[in-house]
Amino acid sequence: MEGSIHIGKTINHSFEVTEDDLATFKGNNVHQVCSTFALAREIEWCTRQLILQIKASDQEGVGTKLSINHRSPAFRGNTVLIAAVVKTFEKNELICSFQATVEKRLVADGFTGQKLLLKSRIKEIFSTFER
């Protein structure tokens, strides 16, 4: 680990909801709103920024948990702001809570988990599952 991280550290990320983010499955649009899947991708990217600040060149982050309470819609063209806060960083696991908002309206909240591991260890773990 190269950097340091402390409880309460925050990071923000925003994105504009586009056609690619809408709730569409197998080419069929279900709703003209941001899908939970797209929201998950952006939340993971937001909290990954914290891992990128502290990982050494021989380390990488691996997602361990993601919990999203999708509370209200974000429509195409809306800008969603994700604000994540470090809750714990014990041993090698980073837990963050987050809130996603459009203006002052809560779109989603929840938490993420990531472990910081040596790249060689990740390769070793993954190799046990290869065909």
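## Salt bridges first

A salt bridge is a side-chain nitrogen of Lys or Arg within 4 Å of a carboxyl oxygen of Asp or Glu. Asp21 and Arg41 are joined this way through their side chains, at 2.6 Å from N to O. Asp21 sits in the loop between β1 and β2 while Arg41 belongs to helix α1, so the pair ties together parts that are 20 residues apart in sequence.

Before going on, a word on what you're looking at: this is a predicted model, where local features need pLDDT of at least 70, side-chain atom pairs count only at pLDDT 80 or more, and totals for chains, interfaces and linings use all residues. Residues are numbered from 1 along each chain as its sequence is written, and side-chain values use heavy atoms, leaving out hydrogens and water.

## The sheet

Helices (H or I, at least four residues) and strands (E, at least two) are DSSP runs, numbered from the N terminus. Two strands pair if DSSP finds at least two bridges between them. Here, 5 strands make an open sheet in the order β1-β5-β6-β7-β4, and the pairing is antiparallel. At the edges are β1 (10–16) and β4 (59–70), each of which pairs on one side only.

Look at β6 (residues 93–102) and β7 (residues 105–118): 10 bridges join these antiparallel strands. Along the way, Ile95 stands opposite Gly113 in β7.

There's also a hairpin, made by β2 and β3 with 2 residues between them; in its turn, Lys26 has a positive phi of about 50°.

Helix α2 (residues 119–127) lies across β4 and β7, at about 95° to β7.

## Inside the core

Buried means under 20% relative accessible area, exposed over 50%, and partly exposed in between (1.4 Å probe, protein chains only). Several α1 residues are buried, among them Leu39, Ile43, Cys46 and Leu50.

A nonpolar core is a set of buried Ala, Val, Leu, Ile, Met, Phe, Trp, Tyr and Cys residues joined through side-chain atoms within 4.5 Å. The largest one has 27 residues, and Leu39, Val80, Ile82 and Leu94 have the most contacts inside it. Helix α1 gives the largest share of this core, 7 residues. As for Val80, its contacts include His13, Phe15, Leu39 and Val102.

How many salt bridges does the structure hold? There are 7. One of them joins the side chains of Glu19 and Arg76 (2.2 Å, N to O). This pair links distant parts of the chain, 57 residues apart: Glu19 is in the loop between β1 and β2, Arg76 in the loop between β4 and β5. Glu19 is partly exposed at 44% relative accessible area, and Arg76 is partly exposed at 43%.

Back at the opening pair, Asp21 is buried at 5%, whereas Arg41 is partly exposed at 37%. Salt bridges that share partners join Asp21, Arg41 and Glu42 into one network.

Key
Contact = heavy atoms within 4.5 Å. Axes fitted to C-alpha atoms, helices over the stretch in contact; angles between N-to-C directions. Lists of a residue's contacts leave out its neighbours within four places in sequence.
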